[in-house]
Amino acid sequence: MIEEITAQGLDAERFINEKVMEIKNAVGDGTAINALSGGVDSSTVTMLGHRALGSRLETVFIESGLMREGEAGQVAGVFRKLGVTVRIVDARKEFFSSLKGITDPEEKREAITRVFYRNVLGRIVNASGAKCLLQGTILTDVEETVAGIKRQHNVIEQLGIDPQEAFGYRIIEPIVRLRKDGVRKIGMALGLPAELFERIPFPGPALSARVIGEATPERIETVRKATVVVERLLKETGAFQYMAILHDDRVTGMRDGKRDFGQQIEVRCWDSIDARTATPTKLSFEILDQLARQILREVPGVVSVTYNISPKPPSTMEAV
Ligand code: XMP
């Protein structure tokens with residue numbers, strides 16, 4: 001049982017000092033690796049790790065091909081300004097070949113976990129001689145995985161997998177007692193810019209969690225383009241999270257006077273405090289109308305746009 005530290009009960013300075021000491025003790029005079037996605041959790045862990053280890057922590061951004069438009073360069077740029085060098089590792093081919101032909105959600109998650117931890121990070125850790133991986137698992141990730149709701153890709157030991165045996169390195173999880181609101185507080189105290197600690201959550205399996213059915217490069221590109229529109233239009237809503245989802249089934253549409261058996265995008269926008277429960281944001285019809293028009297105009301092959309009105313539970317926030 002992991003004991004929760006609530007955002008209200010969190011003393012940011014004390015927490016940071018304790019975690020910096022813990023990381024220093026765990027790594028000793030060795031080196032460590034951390035994978036940064038640019039989300040709140042991994043960004044916070046990157047700053048904690050660098051405070052503890054300085055240049056003895058190597059930060060990598062794994063370009064899986066499943067990330068959002070321009071994300072790798074953007075994240076590396078923000079961290080460069082914070083004095084942290086980020087190495088971008090191109091693993092697109094490996095991720096797409098492991099996802100080929102897989103449509104089951106849990107199998108997709110497992111394939112991503114395998115490529116991410118065993119193949120890509122395993123290789124990086126081996127080549128660097130590092131003994132541990134620092135990662136930003138939070139309490140909600142652990143709970144939902146252990147409860148069997150969804151296998152979050154960063155939950156390893158809590159599922160009874162020994163990372164040393166399975167991947168060849170140890171895993172340190174400094175923020176595992178926190179939830180998202182607590183992590184934001186720590187990120188802010190560590191000097192992350194607001195554009196990072198206020199960033200909406202983004203799932204570990206990235207855009208593949210938003211493609212129902214097979215995550216091919218083409219289908220990922222479709223959801224990536226729809227994500228650009230959704231994030232642009234819903235940025236000002238102050239909602240907890242918003243996303244585009246690509247459906248597997250097609251519907252009959254028409255374009256230029258001809259039948260177009262096209263794809264469907266579902267938009268979700270959530271109000272939530274900690275992602276355990278959530279309700280759809282009451283968007284105005286004007287915004288919904290703009291979402292539809294701009295997605296239909298900017299995303300090739302899409303003929304239908306819908307808005308999700310179901311709360312979590314019984315829905316979950318991501319579709320897959
Ligand atoms: P769900 O979909 O479980 O998402 O209601 C809750 C929050 O966790 C974020 N998140 C993930 N969701 N797989 C997920 O399904 C992951 O690996 C993951 N990592 C983070 C999700 O975006 C939402 O904020």
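Modeller: What follows goes through the salt bridges pair by pair. The model is a predicted one, and the structure holds 21 salt bridges. Side chains of opposite charge can pair when their charged atoms come close.

Take arginine 87 and glutamate 58, which form a salt bridge with their closest N and O atoms 2.7 Å apart. This pair links distant parts of the chain: arginine 87 belongs to strand β3 (residues 86–90) and glutamate 58 to strand β2 (residues 57–63), 29 residues apart. Arginine 87 has a relative accessible area of 39% and is therefore partly exposed. Glutamate 58, at 26% relative accessibility, is partly exposed as well.

Arginine 68 forms a salt bridge with glutamate 231, and here the closest N and O atoms are 2.8 Å apart. Arginine 68 sits in the loop between β2 and α3 (71–81), while glutamate 231 is in helix α10 (residues 217–234), so the pair joins distant parts of the chain, 163 residues apart. Arginine 68 counts as buried because its relative accessibility is 9%, under the 20% limit. Arg68 and Glu231 also belong to a network of salt bridges that includes Glu71 and Arg199.

Aspartate 289 is partly exposed at 30% relative accessible area, whereas arginine 293 is exposed at 54%.

Conventions: Residues numbered from 1 in each chain as written. Predicted model: local features only at pLDDT ≥ 70, side-chain atom pairs only at ≥ 80, totals over all residues. Heavy atoms only, no water. Salt bridge = Lys/Arg side-chain N within 4 Å of Asp/Glu carboxyl O. Helix = DSSP H or I, 4+ residues; strand = E, 2+ residues; numbered from the N terminus. Buried < 20%, exposed > 50% of the residue type's maximum accessible area, 1.4 Å probe, protein only.
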